[in-house]
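Here's a quick tour of a fold, meant to be read with the model open on your screen. We'll start with helix packing and then move on to the sheet and the overall build.

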Amino acid sequence: MAAPPKAALAKWEKVRSFALGLPGAGEEFPWGETVVKVNKKIFVFLGVTDGSYPLGMGVKLKDEAMHAHALSCPGAEPSGYGLGKAGWVQIPLAQKGAPSAEVLCDWVEESYRTIATKKLIAELDAR
């Protein structure tokens, strides 16, 4: 197994740190994958970093423009297991032309906002 490219791994780390910095966010490892949850619900899938699967992330994007932009990224696709129908998108991080960490963090925040409580969103907005 090859290790993920350094640039993609750096992006993954930035996205993970950003997600964990959101109010009430916590990291868990179901199925051996990294996920970040709020209110016991996943708002970002971060997969694995051991090289057994391409580095990527999954987010829920209700905003139509963000959803369309995410799906236009190289290699991006609606998430599997029926999640795509609910607005979930899987975005590879190592593809040429992959979005910047800043764009990915915007998408993580959008995903968080679709799942977090109004109280937590108010806390985020007050920052």
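## Where α2 meets α3

Which residues in α2 meet which residues in α3? On the α2 side they are M66, H69 and A70, and on the α3 side V103, D106, W107 and E110, where contact means heavy atoms within 4.5 Å. By class, this contact has four nonpolar, one polar and two charged residues. Here Ala, Val, Leu, Ile, Met, Phe, Trp, Tyr, Cys and Pro count as nonpolar, Asp, Glu, Lys and Arg as charged, and the others, Gly among them, as polar.

A word on the source: this is a predicted model, with local features needing pLDDT of at least 70 and side-chain atom pairs counting only at pLDDT 80 or more, while totals for chains, interfaces and linings use all residues. Residues are numbered from 1 along each chain as its sequence is written, and side-chain values use heavy atoms, leaving out hydrogens and water.

The axes of α2 (residues 64-71) and α3 (residues 101-115) come within 11 Å and cross at roughly 135 degrees. That makes α2 oblique to α3 (under 35 degrees is roughly parallel, over 145 roughly antiparallel, 65 to 115 roughly perpendicular, the rest oblique). Axes are lines fitted to C-alpha atoms, for helices over the stretch in contact, with angles from 0 to 180 degrees between N-to-C directions.

## α1 against α3

α1 and α3 pack at about 35 degrees, their axes 9 Å apart. K11, K14, V15, F18 and A19 in α1 meet A101, L104, C105, V108 and E109 in α3. That contact splits into seven nonpolar, no polar and three charged residues.

## The sheet

Six strands form an open sheet in the order β1-β2-β3-β4-β6-β5, with antiparallel pairing (strands pair if DSSP finds at least two bridges between them). At the edges sit β1 (26-28) and β5 (77-78), each pairing on one side only. Helix α1 (residues 6-20) packs on this sheet and touches β1, β2 (34-38), β3 and β4; its direction makes about 165 degrees with that of β3.

Further in, β3 (residues 41-47) and β4 (residues 56-60) run antiparallel and are joined by two bridges. V44 stands opposite V59 in β4.

## The whole chain

Counting up, there are four helices and six strands, where helices (H or I, at least four residues) and strands (E, at least two) are DSSP runs numbered from the N terminus. From that end, the elements go α-β-β-β-β-α-β-β-α-α. The C-alpha trace spans about 40 × 30 × 25 Å along its principal axes.
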